[in-house]
Amino acid sequence: MKTRVAIIGAGISGASIARVLSKYENLEVHLIEKAPDVGWGVSKANTALIHGGYDDDPEKYPMRAKLCIRGNRLWHQWVKELQIPHVWNGALIVATKEEDFDELEKLLERGHKNGVPEMRIIDRDELFHLEPGLTREAIGALWVPIVGQIGPIPAVIALVENAVANGVKTHLETEVRGIKVENGEVRGVETNNGFIEADIVINAAGLYADEVARMAGIDYFEIHPRKGEYYLFDDDVPGPGRVLFPTPTPISKGIVVTTEISGHLMIGPNAQDLPPEEKDNLATTEEGLREVWEGAKKLWPNLPPKSRVIRTFAGLRPEPTGGDFIIKAEEEVWGFINVAGIRSPGLTSAPAIAYEVAEIIQRDLGINLVEKEKWNPYRKEITHFFMLPPEKANELIKKNPAYGKIVCRCNHVSEGDILEAIERMKFIGVKTPSVDSVKFRTKSTTGTCQGSFCRPKIVQLLAKEYGVEPWEVTLKGKGSEIGIGDVKALLRGEEA
Amino acid sequence: MEPMPQISMLSYDVVVIGGGPAGMAAAVKAKELGLNVLLLDENDYLGGILPQCIHPGFGLHYFKEELTGPEFASRLAKRLVELGVEYRTAARVLEIKNYSDLEKVVIFTSPAGVYQVWTKAIIYAAGARERHAFEIGIVGDRVAGIYTAGEAQTLMDIYGILPGKEVVIVGSGDVGLIMARRFALEGAKVKAVIELMPYPGGLARNVMILRDFNIPLYLSHKVVEVRGRGRVQRVKVVRVDENLNETGEEFWIEADTLVISAGLIPSVKKLKKIGVEIDPATGGPVVNDRLETSVPGIFVAGNSLLINDLVDYVAEQGELAAESAKEFIEKGGIESRKWVKVRKGQNVRLIAPHYLSGDRDVYLYLRVARPMENVELRIPEIGKKLRLPVVKPAEMIRLKLRAEEIQKASEKLTVEVVRA
């Protein structure tokens, strides 16, 4: 009989674990997520960096130090296998004062200790040759070529699609309400959709990992939400070619200036610790955004007028007690594995975390993992009309005219792209039609107009494909419906 | 010129980009003038934004009678079809290339495939887009229930969806006021219209809506924050001082819907890419009196030129652009012995066209920076004076200048609005 594994949380950690565990013949893997789609928690709003691994002190944070560089190396392979949008453009940690070089030397040394290749300190001339738009106060930098950027939600989606293709079963809109433990062993998870039997439970619940752990009687850590806010600019605003960090201070890694993978200048984050009960506080604030703006300006003085901002957003990072990742099989509850406190560099570390979990299952739980004879490591990226050369687009349109019809005018996303996105939502078990699910798969609604032209059209397509009324289509899950009924609903005295 | 194998090629005298009132009027006129014209529009239907403007108030100048938006659009569309103008809907322009004055390429995609169109002239009439909540600095939760006015209008009047029931409207421009009425008519409660400036932003006839439907207007106020879980629950309003800086005075309004009507911006990104010079004041291209941009043979009309109040003027600009395209194609270019530069004087916020030849009569379109009463519009260089009882930023001034008047100027003309 197969060993049943329940992974709680379909963020970047849970999805990576699901993919890696889908390789094994003797596991039956269930991926459980309370949101309507995957990657909507911590993975959704962050700086989207694949870090270099020089930042984490191996004495203080051994897990982070070990898994970050390993994760970086694995991502170089995973982005190819899974066709995840990415860029390997390197990072510059910029010095503006002579003392900053002491700190950069420290980072360089730590990088060497962690096994980071190709790092070096560069002088002012080379720095300005690389990034002419930097502050004139810059005097040198640490150059880390292995740093890159990926689309974090597209990455989660790719991982889950690949996992599902390899037999993983998803349970979306499924909230864990309890962990059943008998005789010191896990038996399964209780959810709003019934009981899911499991021999192994992997807690990858992000901000809620402490609450899930407590359901199993494990109470030695807490997760604090730490908010980070960001600005995103229109795609004709010039940004840097590389990821720019200020020299870190003891308190902060600083505000990053970067051109994200879709070509938008992005600045952020600040760091604001919130009380533990505010794990759903994703509101941007005037003060926070001011801090981001001022911080970014120190590195990139030519910020455009605020009217060129196309979006501001905030994300929460799960800060664990102690600061290091908590990745281990808990001794008092056999079969319960914590993957908790996956704060920065969690996105980078995710593939390495997944292999770490596989090792824990073998080493600590004594389950011999048997590889499948046929496991498919590949997953094809969704069609993006805007990436196709005209002759390729034409071939596709001949087969399916929907690919010739543009829905999102800012980013040239076609109706065909969107229908393909909806098919893929259904493939991984998305039950509630949401504009955000389409957005994260196609980049529609993310351009200059932020969806004011195309959102109503996407709503129509979702309504038709899901067989619901258009006003029942949501922006981001139940409670965020696009409308309250048909246009005469209030006059008839009805409302949805 | 790079060859594009497997891409169907078409050839026309003029391609009109955009099938709204400016584009349709341009295509009709071009056809009447004997040009071989192709009209492209990205929507499934012609008319641009008009089909969702179901209120009356259109066409008093152009058709000499009051029409609704869909009626105005269908009149133009009917004429277009009668004349046999070639048009394609669901056709989105991907790129414009300018090889030489009379050799341009428009690449578009459609359900029938990707096409490259060789053309001598282009009339760009792609309209405008709306400012959204992020651009005007609203912070807080990114939840459902926040719509631009145009999006709310599309949902209601194209797709028959009611967005919400308790509405706050940001901006007292025409679109905001018309949406206030639209929501009220469908039984929603419009709790407030919030206007940043100390005066309303719409045409007088639309400001009346507030009284008719008993909707509170907060002048010198702005919405700064939205809070809600899943959907908007409340919005924070702050009073601003005379310099538009936030005062400490603030309050919250409970609402499930926030409609942003904070102005329009000409959609000219594709023109910028080929080097068309843009006027930061209008947001549209710098043009001469034929509505030709800084790239010869590319003409612009309607809200891509500058934001208009009246569709009649938009159609008028479309016709002029078509006449100009004809002239351009016949003569191989638009030429003038001299170009008189139009300058903004006192209390003129924006003005177009920017260069006048003096070879023909022109309409100048301008807006003032602040409202004033009992004023004189003056052009000192040619001794022109015009008394106006009242001027408002919300109301575009359309001023006819005769060729002989323009000829009196040597290099420049300054248009100013001063106390009489």
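Trainee: How many residues does the contact take from chain B and from chain A?
Mentor: The contact takes 60 residues from chain B and 59 residues from chain A. Keep in mind that this is a predicted model.

Trainee: And what area do chain B and chain A bury between them?
Mentor: About 4,700 Å², with 53% of it on carbon and sulfur atoms.

Trainee: Why give an area at all?
Mentor: Because the size of an interface is often given as the accessible area lost when the parts come together.

Trainee: OK. How many salt bridges are there between chain B and chain A?
Mentor: The count is 7. One of them joins Asp235(A) to Lys269(B), and their closest N and O atoms are 2.7 Å apart.

Trainee: Which element gives the largest share of the side of chain B that touches chain A?
Mentor: Helix α3(B) does, with 4 residues. That side of chain B divides into 25 nonpolar, 15 polar and 20 charged residues.

Trainee: Let's pick a residue. Where is Glu151(B)?
Mentor: Glu151(B) is in helix α3 of chain B, which covers residues 149-157.

Trainee: Is Glu151(B) buried or exposed?
Mentor: Glu151(B) is buried, because its relative accessible area is 3%, and the cut-off for buried is under 20%.

Trainee: What does the side chain of Glu151(B) make a polar contact with?
Mentor: With the side chain of Arg455(A), at 2.6 Å. Leaving out residues up to four places away in sequence, Glu151(B) touches Gly451(A), Ser452(A), Arg455(A), Pro456(A) and Glu130(B).

Trainee: Switching to strands. Which strand of chain B is joined to strand β24 of chain A?
Mentor: Strand β12 of chain B, residues 161-162, is joined by 2 bridges to β24 of chain A, residues 485-486. The two strands run antiparallel.

Trainee: Which residue stands opposite Gly485(A)?
Mentor: Leu162(B), in β12(B).

Trainee: New topic: where is Leu401(B)?
Mentor: Leu401(B) is in strand β28 of chain B, residues 397-401. Leu401(B) counts as buried because its relative accessibility is 0%.

Trainee: What does Leu401(B) touch?
Mentor: Not counting residues up to four places away in sequence, its contacts include Leu356(B), Val362(B), Ile379(B), Lys384(B) and Leu413(B).

Trainee: How many residues apart in sequence are Leu401(B) and Ile161(B)?
Mentor: They are 240 residues apart in sequence and 46 Å apart in space, C-alpha to C-alpha.

Terms used: Residues numbered from 1 in each chain as written. Chains lettered and ligands numbered in written order. Predicted model: local features only at pLDDT ≥ 70, side-chain atom pairs only at ≥ 80, totals over all residues. Heavy atoms only, no water. Buried < 20%, exposed > 50% of the residue type's maximum accessible area, 1.4 Å probe, protein only. Polar contact = N/O pair within 3.5 Å; in protein donor to acceptor, adjacent residues only side chain to side chain. Contact = heavy atoms within 4.5 Å. Buried area = accessible area lost by both parts, 1.4 Å probe. Salt bridge = Lys/Arg side-chain N within 4 Å of Asp/Glu carboxyl O. Nonpolar A, V, L, I, M, F, W, Y, C, P; charged D, E, K, R; others polar. Pairing = 2+ DSSP bridges.
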